[in-house]
Amino acid sequence: MRLILCVAIVPLVVLGACSSDKLDCDEGSHEMDGECWPNEAADTGTGTGTGAAPFFVTTMVHMEGGHIDDVDPDAFAAHLAMLRHGMSVADEYEAKLTIESELPFATAVTESGETILTDALAGGHGVGTHCDVGYPDPPASLIQFAALLEERKTLMDNLVGPENNRGCSGAGSSADWAQALIAAGFVYVDGLVSIHYLSMPPSARPDLSWTDEWIRSSGAFHDPAPYELEVRTHPFMVADAMDFLPDQDGTLLISSGGTWALHQQAEGYSCSDCAFDTDDATAAIASIEAALAVHDPTRVGKISFHIHVGDLAAEHAEALRAFFEAVDVLVTDGRVAWATQGEVYDAFVAR
Ligand SMILES: [Zn+2]
């Protein structure tokens, strides 16, 4: 919403703010994403506040739409064991997992009466919804898209309460996923990937080579988004999915911090089936350092590691411990803090 943004902030910034490439912002404002923003910007969707803002390390564990927990008790039991093991190892380091569920796992939890999700909350971990809808084919209408998202949200709301289930990972689509998520009642979206660019015109994509066809066919559709590290490191509010620029009237937090999945850290995304080992822990710290290097201390920063549920299994304890242990050094030094996905949202709106 660049044009609307420019009109809206003209009284607050130098007049050149909307046209020149290299901005010379007024005292009292600062350059960000090609715009001048007032420094007291609590209502502009950027979360800029006074005082040093935290940098959060977060995780996502996606209980996928393609899982079979609802029809296969053994698969469900295996997932429960993985999650319980992962949380117990995380607890040793006061690290935080955020478990985000699509329909199959949430259905199985509902039907079995398992307390895994409320136990997670009681232990300081996070929960949320996972949304494997909207892609590859967009829903017929935004109303239908929102209804699909709401179906997933309602199931999780009933398990953990809407106050603990405020965001969804995924939901990328050629349809306006931000408006659909807002209509479904979500206040943040995480797990953003290149698929989320499909709703945007070519001018809002990283470059003109990012055609729909390329995003869909290149294997890059699961790459973290927004593309620019500085942009995806700092959450911001949007009103729609037309671009990755803050909207002043935005009510959905783009809470990315995306990086490769934890088990891909050493190898990169080109490795689709690589093992999770201690090399990934070392590489994960390099990813955190890269994000810290672009972190604007006036804004909440984050990185988000997607951990495959299988990588929480007991057989991966060594690699998991190596990861938590390495992050713990940064926590002890006061450079990063652990947060759930919901706590990132809370920190953003508190500024
Ligand atoms: Zn998924």
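Residues are numbered from 1 along each chain, in the order in which its sequence is written. Because the model is predicted, local features require a pLDDT of at least 70 and side-chain atom pairs count only at pLDDT 80 or more, whereas totals for chains, interfaces and linings use all residues.

The confidence of the predictor in each residue is expressed as pLDDT, on a scale from 0 to 100. The protein chain has an average pLDDT of 89, and 87% of the residues score at least 70. Over residues 1–22, however, the pLDDT is below 50, and this stretch has 30 contacts in the model beyond near neighbours in sequence. Two residues are taken to be in contact if their C-beta atoms, placed from the backbone, lie within 7 Å. The pLDDT also stays under 50 over residues 39–43, for which the model has eight contacts beyond four places in sequence. Where pLDDT is low, predicted coordinates should not be read in detail.

Eleven helices and eleven strands make up the secondary structure of the protein chain. These elements are DSSP runs numbered from the N terminus, with helices (H or I) of at least four residues and strands (E) of at least two. Of the 351 residues of the chain, 48% count as buried. A residue is buried if 20 or more other C-beta atoms lie within 10 Å of its own, exposed if 12 or fewer do, and partly exposed in between, with C-beta atoms placed from the backbone. Among contacts between residues at least 6 apart in sequence, 71% join residues at least 24 apart.

The packing of two helices is described by the angle between their axes and the distance between the axes. Here the axes are lines fitted to C-alpha atoms, for helices over the stretch in contact, and the angles run from 0 to 180 degrees between N-to-C directions. Helix H5 (residues 142–160) packs with helix H6 (residues 177–184) at an angle of about 50°, and their axes are 8 Å apart. H5 and H6 are therefore oblique to each other; angles under 35 degrees count as roughly parallel, over 145 as roughly antiparallel, 65 to 115 as roughly perpendicular and the rest as oblique. The crossing of these two helices is right-handed. A crossing has this hand if the near helix is turned clockwise from the far one by less than a right angle, and is left-handed if anticlockwise. On the H5 side, the residues in contact are Leu142, Phe145, Ala146, Leu149, Glu150 and Lys153, which meet Gln179, Ala180, Leu181, Ala183 and Ala184 of H6. By class, this contact has eight nonpolar, one polar and two charged residues. Ala, Val, Leu, Ile, Met, Phe, Trp, Tyr, Cys and Pro count as nonpolar, Asp, Glu, Lys and Arg as charged, and the others, Gly among them, as polar.

H6 is mostly covered, with six of its eight residues buried. The buried residues are Trp177, Ala178, Ala180, Leu181, Ile182 and Ala184. They pack against H5, strand E6 (167–170), strand E7 (188–190), strand E8 (236–238) and strand E9 (252–254). Just after H6, Gly185 takes a positive phi of about 100°.

H5 also packs with H3, at an angle of about 35° and with the axes 10 Å apart. The crossing of H3 and H5 is left-handed. In this case Leu103, Ala106, Thr107, Val109 and Thr110 of H3 meet Arg152, Leu155, Met156, Asn158 and Leu159 of H5. The contact has six nonpolar, three polar and one charged residues.

Glu114 is placed in the loop between helix H3 (103–112) and helix H4 (116–122). With 16 C-beta neighbours inside 10 Å, Glu114 counts as partly exposed. Apart from neighbours within four places in sequence, Glu114 is in contact with Leu80 and Val109.

Glu94 lies between helix H2 (73–92) and strand E4 (98–101), and counts as exposed because it has 11 C-beta neighbours inside 10 Å. Ala171 lies between E6 and H6, and counts as buried because it has 29 such neighbours.

Cis peptide bonds join Tyr135 to Pro136, with omega about 5°, and Ala225 to Pro226, with omega about -5°. Pro136 is in the loop between strand E5 (126–131) and H5, while Pro226 is in the loop between helix H7 (212–217) and helix H8 (229–233).
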